[in-house]
Amino acid sequence: VRIDGKAFRLMGKEPAAVPALPQAGLEVLPTRTLYNFEGQGVRLTLTFMTAALPDDLMIYSRPVTYLTWGALSTDGGKHDVSVYLDASAELTVNERSQPVVWFDEQIGNLDALRVGSKDQPILARKGDDLRIDWGYLYVAAPKGASSFKTIDQRAACQDGFVANGLTAINRPAPGQPSQADTVTSTFVFNLGQVGAKPVSRWLMLAYDDQYSIQYFKKNLRPYWRRNGDDAAALLKKAAADYESLKKRCAKFDADMMTALTKAGGEKYARICALAYRQCCAANKVVADANGQPLMFPKENFSNGCIGTVDIIYPMAPQFLLFSPSLTKAMLVPIMDYAASPRWRWPFAPHDLGTYPLANGQVYGGGERTEENQMPVEETGNMLALLAALAQVEGNADFCVKYWPVLEKWAEYLKAKGFDPENQLCTDDFAGHLAHNVNLSAKAICGLGAFGQLCELRGKKVEAAEYGKLAKEFAARWVKEADEGDHTRLAFDKPGTWSQKYNV
């Protein structure tokens, strides 16, 4: 920001010679982050807003973040204020050295800059600790709102803004390849003479990946493209919705934070706001061939698996609460895979592949071996999730298509669940363990969940059978534990962390 001709940093450590404007406040909410800065007689706010509203999947799936600046005078005087933002082309590549191309565009009533990798290897990479290197980053603002926009080297842009507000620059020719770490999309907004009346400007940062996920060799579009929209349509709609989304996001955040604070206090609410954002960010919503939503999570800094059941399981309560549609969207890919001829095991899969390629399980040697899978873990997880979804919806209609699979899973837990064989659980870092107490408990819950599903489907005999079995297993579990330390069930391997920490 420049205030009366003097430059200050708002975010980041560079340029180091430029002082930071003091930060006066920070609030992290489910859909917005609000920064407050004060100094030189000016209060400046930065609001980052991503409209992750789960009751509207078209809005929820939009890859758009709005940044709004607000400025007002705090000392009764008037101050000349301008603000600056740059977005590095490194956001569009896996390696900094990859070449990118950029374009200066007019999209409806928007001024836009577009940048992306030169080669555009769509869905060519898979794995962990990788960054997308296809699609395009857009920075766009209402036409005439910005005083200057350009693409050039970050240092040149920042130095120019510090020196004179950045009114001109020698930039590379559009469409000519440049190394990613030498290119940045830059916007400058001159707010003019700011007094007691607030002045604001806004822009959008959007990323159009064109194709998001490959599901059994078919490349799927992001959900927001399901009706044929392209990046231009996305930006036009997102701009038109700006004012209404500000109100909707403010209400969603206020309602959610009030409920969370009532449930667990202020610190609990803050943690849950972060958890909400993490769950949303860790998933991609795409459209299948019929335009229906499918949602795929990614395992981060583990092995990069996509659609991992024991990742879906702990984040599911959020989607069960806010959107049964999104819950089903993340269960359908797993269930369709498990019901296909490719999956020949009597238990649930662990994953669907390596992100972003969901072409079949890769964990533990893939779908051809049982040794390194998580049979009891994932089967118990899936049955519990399906029962929870049925409880939310008041029926088990979603399960009808997959009923033979669920019966097979319940029989597996009946035979193998109480005293599991040498298997992995979700704590796979601990290695294989027979008689795992966590898996035994998961199996009992899974059997009880299947009994509930049977009840909802009117299968009274099966409901009674599996409900009784789960209760008998639970009673047997408690009885053995009460009889001393001779139970075969174990928490972890001898000599591992339970002994280390005297548990």
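Which residue of strand 13 is the bridge partner of serine 88? Threonine 184 is. The views below come from a predicted model, in which local features need pLDDT of at least 70, side-chain atom pairs count only at pLDDT 80 or more, and totals for chains, interfaces and linings use all residues. Residues are numbered from 1 along each chain as its sequence is written, and side-chain values use heavy atoms, without hydrogens and water.

**View 1. An open, antiparallel sheet has five strands in the order 2-1-7-13-11.** Strands (E, at least two residues) and helices (H or I, at least four) are DSSP runs, numbered from the N terminus. Two strands pair if DSSP finds at least two bridges between them. Strand 2 (6–7) and strand 11 are the edges; each has a single partner strand, so one side of each lacks a neighbour in the sheet. Strands 7 and 13 run antiparallel, joined by 10 bridges.

**View 2. Helix 2 (residues 154–164) buries Cys157, Gln158, Gly160 and Phe161.** Buried means under 20% relative accessible area (1.4 Å probe, protein chains only). These residues lie on the same side of helix 2, because they cover an arc of only 160 degrees around the axis, taken from the directions from the helix axis to the C-beta atoms. Their cover includes strand 1 (2–3), strand 7 (79–88), strand 11 (148–152) and strand 13 (184–194). Just after helix 2, glycine 165 has a positive phi of about 90 degrees.

**View 3. Methionine 382 touches residues including Val309, Leu331 and Trp409.** Contact means heavy atoms within 4.5 Å; residues up to four places away in sequence are not counted here.

Methods
Buried < 20%, exposed > 50% of the residue type's maximum accessible area, 1.4 Å probe, protein only.
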